[in-house]
Amino acid sequence: MNNDIPRTQYAALNGSVVVDSILRLSPVSLLSNPVMFITELMFFIVAAMAIYPQGFAPAASVGERAYYVEIASILLITVWFSTLSDALAEQQAKNTAGSLRKLKTKVISKKVLREAFSSTVVPTSSDELSKGDLVLLEDGDVVPIDSEVLEGIAMVDESLLTGESAPVRKAPGDVLIGGSRIVSDTLTVRISVNPEEGYINQMIRMVESSKRPKTPNEQAVTIVLIGLTGIFTIIILALLGLSVTLGLGADLSVLIALYVCLLPTTIGALLPAIGLSGISRLYQRKIVAKSGRAVETAGDADVVLLDKTGTITVGNRAAIEFIPFEGYSERQVGEAAFLSSWYDDTPEGRSIIALSYNKGFVPKNLNSLPLSEVFEFSAVTRTSGVKIGRAQEFMLPKGRSRGRMRRKFSSDSVASDDDQSPDLEIIKGAPDSIKRALISPPQDFDAVVDAVAAAGETPMAISQNGEALGVIRLKDVLKPGIKEKIQGIKTMGIRPVMITGDQPLTAKSIAGEVGIDEYVPRAKPEDKFAIVQKEQAQSRVVAMIGDGTNDAPALAVADVGLAMNSGTEAAKEAANMVDLESNPAKIIDVVLLGKQLLMTRGAVTTFSIANDVAKYFAIMPVIFSATVPQLEALNILHLGLHSAVLSALIFNALVIPMLIPLAMRGVRFRPSGTMSLFLRNAFVYGIGGIVVPFIGIKLIDILLSAI
Amino acid sequence: MIDAIQAAYVVAILGAAIFSGWLLAPYVVGVYNRSPGRLDRFLDPLENLIYRVVGADPAHTMDWKQYFLAALLVNIVQMAIAAFILLFQGSLPLNPQGFSGLSWDLTFNTVVSIATNTNLQHYNGETTLSYLSQMSAIQFLQFTSAATGLCAAVAFVRGLTNGSRDMGNFYVDFVRSITRILIPLCFVAALVFVALGVPQTLGGYVTVKTIEGASQTILVGPVASLVSIMQIGTNGGGYYGANSAYPFQNPNPQSDILEIFLMLLLPTTLCFVYGLMLGKKRETRPVLFGAYALFAIDLIIAFIPTSTLNSGMEVRFAGFWSAFWTVVTTAVTTGSVNSTLASQHPLVVLSAFMGMLIQSTPGGIGAGLMYMVMYAVITVFIVGLMSGRTPEYLGFKIRSRDVLLVMSAFLIHPLIILVPTVLAYATGAASTIGLGTNSLGFTQVLYEFTSAAANNGSDFLGSMADTPFFNVSTGVVMFLGRYAPMGLLLALSGSVIGRKRSPESGLKTDTIAFTAVLVGSIMILVVLTFFPFLALGPILSYFQGNVNGLG
Amino acid sequence: METNPENKQKASYRPVVGIAIVSLLVCGLFFPLLVTAVGQVVFPHQAGGSLVKLDGRTVGSELIAQGFSQRVFFHPRNASASGVDPDITVQDAMSQVARISEASGIPVSVLQQLVDANIDASGRLVEVQYVNVLLLNIQLVQDYPSVYSAYA
């Protein structure tokens, strides 16, 4: 695996795991795992042979009790290794979800009962709350269940869920996750789900393997395993039949040893753990999958729809230059920009202030300028601005940075120093909106705006009292490492498509910068639905992220929909995964994890089957050694008569714990094409699967004969 | 080992089969796509007449169940007709030698054997069957079983083809297989065989006084017409008990080469048909190269020892051509022989087993292709998972039901080989006909059921196995070995119809790299399944030093 | 023909039986009879079993071995796959030359030349050297009538 996905710490082998693994040895609990069930059945048969060899007279050489005991023990250990891996995987899943479980502990909440003119607060246990109930949350309270803010603004600590340490501001309409804690102020919230539907519960259901339904791919692999088990059962029964009818004198225990060696015990033992740990790994990335199926589907993604903002860029643009129109100076543009952004708290606004400050374009007499009105950004006009009147209390010191700026006022500022100066109205915003409001746009307006746009950057026009001064050049800021990630998924044959509200030239520039060939500019959230459908019509598997209500239809039809936890309830319900950290770039990790899960399952299956070749060569020469000594020629490993069977069986058992780490952390891989992954893994686990047991069995044989 | 000239012959014959298959494939595709062709002028009216007479609507299309059921029922009625002829040949015309009817169990075995494209022969034709039986029971079923194989494969490929809506119409495919592919090819081949010395007469056996004055019966009959379809149709059931070792069936090296070529022709052609019909020519690669790579492995095993002329061979074919034939006849599961199996080195027999256990090297007509796709699906599923995507073949995702179908189809083979093999010993049926409990006897019993299950037809036992046990058991095995996998694989193909296909980025199955993995997987699967039994049979024989044949 | 949706139902048995019978007629009678007719006309000798005559009398088929036990003749193999292998290896033929020469008085060198001249041409092509026993013996009878009149 590349560095993007951190290695998983798997659960330690502790007392409770061991106890759990021993409890799982009960034949009843093994019923869901046919391979291991049969292995245990074989243990009982050989154990019976050890106790009462006479009962198996024609197929048991009496007097070899010790041998039967050895074989029986190894068989039992084989089964135990399997239950141990199950127990470990489940322990791991429980550990990672442990924090959630703690959060789920019952809390007493203040349920609000509203009547006509009054409302009462009733202390209610969280598990008695239901969807639609109102709850009052005060400083220090824990959010009982996922809910929506109705009234109030407060800071909420979500660190236990998202890992983000800074408290988050929550206002009406925002979503609260069950388990987060109010750290200031008071909120009235409405419970948005029934207690059993909360994400925590979904997550806990997912990790409890007993309740986890098999994914389609797991089902298919299980069918292969049952098929192979059927084939090997036929083989062993036929060998037994031939041994009896032809008088070949095979010992039942040796046949059973061959049987168990041939059975796909390795993958049979590890299959549940592989699926479970895949989901655990996803959870360690703070992503909650609603089903295992969604994780596998992610591995199949042909197309990933990436929102530009938040995924490719950090979500804001930074001002990098002031370009004046003819007749104005850079300073005029810069100072106007500064003033217009003084109350603009968006990252873009802040970057404008910073640029002005760095360039020294801070208006003179800033503290004496009166402010009369602030126009917040409006989606309709796509502009924002300020109107500065005569009021003297303009601008109080608001923080250290602004204080510093004030001290740096330049004395040769152009701005009026007259108290009687007229109202100043500065508007900044989308060039076409600004242009529309101008009385006579400067001749070079379009040329300057287009030049900026042509470079793929965003022009923001600025006007003062109806005259355009110039343009602020804004540039998108790429997320660190995003270029490499996109290159990675492209290498794996997945098509990234960038969705952005930007105009085409800007979109093209960003796309080009990170290596994306396809982008949809000027897209509205509703367009995602059409894009998903268009791709699906061509039978492609589409993965996407979404947060807003507008995204919900697209999330619902997309094969893999990753919703942001910060997003709306509708989006989260429509998606099949939710990222608790609300980091859209993680869609790429989800795809890689899905691939890793499938790869691991295939690798262990292939390895398990390929192992059988060597086991034949170990055991076949021995089975009929009494009557057909010539088959000794197949004993290419030169194993001892007795130790051959034991060596093969021991190897067969030891492979399971040796592969537990692989099952838990997944097959490592570097992003590369489907075919090269296929060939590389086919070589490593196929050829390796043939060669390794020859070496392993021989080593065990040497060890056994040394003892 | 073989010398350079012999190796050159092998390469030339295989090359000729591949080249001819490539030439013939577009025509075959045209036949099933009902594309206009030069023969339409003569054959359209004839075929339309047939459809009208039998009441089949050529415009009607079938789903997989209807298609399979039609094939199965037509085959069963054909078996019934042939059974009637065999049972009552004594009272029917064209019986100059006055042979009497066959026993019920031999009749059952024979009709199932020929109709399933197996041609396991528990009788010696020249001393058992009338001319009518040879023509209207044996040759008849040889045509129809080959046609059924072609139909099944074509329907199978139709289902797998992206955008297809149905499996086609069995009756139309069946009639066109016969009128446009089998009869034209067989007619030309039969005349060449006659020219090379294969008799074709209804005049009855000729009795002559030899030079030394003894009386000799020359067993002539309608042989050439049978030899052509038995080889082209990968049937393998000979006119004579000695099959193509009998000089009238295979008079000289030229006829031998032609017969080897003919049995390779259609199975190889179907590999090309596969890619063409799918609309993905490159998909021919894994099935063709995969089949021939496995075939090459078989040949290498067989040619490790130097086969030398012995009492189970014919002088004109000597060791090399006898061993070569034995490998080819099992590689395409034809089952005709030009020497006795008992005369073959154990490694040649091992190689023959491999052909029958794999069944797609390139395998029998139609069946071979279907098995190769079955292996491809298994390989794509198990090994393909390691590419990090839900396994896809030809763009469709492999679901659990698909896995269930292919695993079942694969599981049938060991089941129907091993269970009756054990039964043959457990019931004493093997010892009744004098088969030992040593490696030689075991090889013969295992071979009998392997050949029956693979619908191959070559055997050690021949008329020795004309006992109720072997007649019935191999009859059942042949029936299951033919129709169970056919039904399961048609079900797979039928379920693919209308399924979403992803257009790109999946596993590229049309590459040499995938082909190599496919070959490796097939070898492992087959070796894992049958290794212990091969070890007790030909491998043990080899270690025991039976290098001059297993006899 | 137009599509008849009713066909699905009634199609179940009539086409099944019909197709089976038509295929019997086409494949099981028409085809072999056609090949017989054409074969008999174009290649009558081969179609009839490649029968060979000696002095106007049919004595056998060149493709089927016949028994020779007298010392003056080349003997076929007793054991072969078909039981009627018409050929013997050149080695085998050469090993019989001394016996035949002794019994018939024909010089060894003449017999050896005769064997050499009779090596099958198509056999040479595939590196298998053999001679047809019946044809060899017929040539002996024809070349040495005086010797063989007593035997044949």
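Start with Ser122(C), which is found in helix 6 of chain C, residues 121–125. Helices here are DSSP runs of H or I of at least four residues, and strands are runs of E of at least two, both numbered from the N terminus. This is a predicted model, so local features need pLDDT of at least 70 and side-chain atom pairs count only at pLDDT 80 or more, while totals for chains, interfaces and linings use all residues. Residues are numbered from 1 along each chain as its sequence is written, chains are lettered from A and ligands numbered from 1 in the order in which they are written, and side-chain values use heavy atoms, with hydrogens and water left out.

Is Ser122(C) buried or exposed? Ser122(C) counts as buried, because its relative accessibility is 12%; buried means under 20% relative accessible area, exposed over 50%, and partly exposed in between, with a 1.4 Å probe and protein chains only. Leaving aside neighbours within four places in sequence, Ser122(C) is in contact with Asn252(B), Pro253(B), Gln254(B) and Tyr130(C), contact being heavy atoms within 4.5 Å. With Gln254(B) there is a side-chain to side-chain polar contact at 3.1 Å. A polar contact is a pair of N or O atoms within 3.5 Å; within protein, one must be able to donate a hydrogen and the other to accept it, and residues adjacent in sequence count only if both atoms are side-chain atoms.

Next, chains A and B. On chain A, 62 residues are in contact with 52 residues of chain B. The two chains bury about 4,900 Å² between them, 78% of it on carbon and sulfur atoms; this is the accessible area (1.4 Å probe) lost on putting the two parts together, summed over both. In chain A, the most area is lost to chain B by Ile234(A), Leu246(A) and Phe678(A), together 13% of what that side buries.

There are 2 salt bridges between chain A and chain B, a salt bridge being a side-chain nitrogen of Lys or Arg within 4 Å of a carboxyl oxygen of Asp or Glu. Asp302(A) forms one with Arg389(B), with the closest N and O atoms 3.0 Å apart. Helices 8 (216–245), 11 (292–299), 23 (586–623) and 25 (674–706) of chain A each give two or more residues to the side that touches chain B. Helix 8 of chain A gives the largest share, 19 residues.
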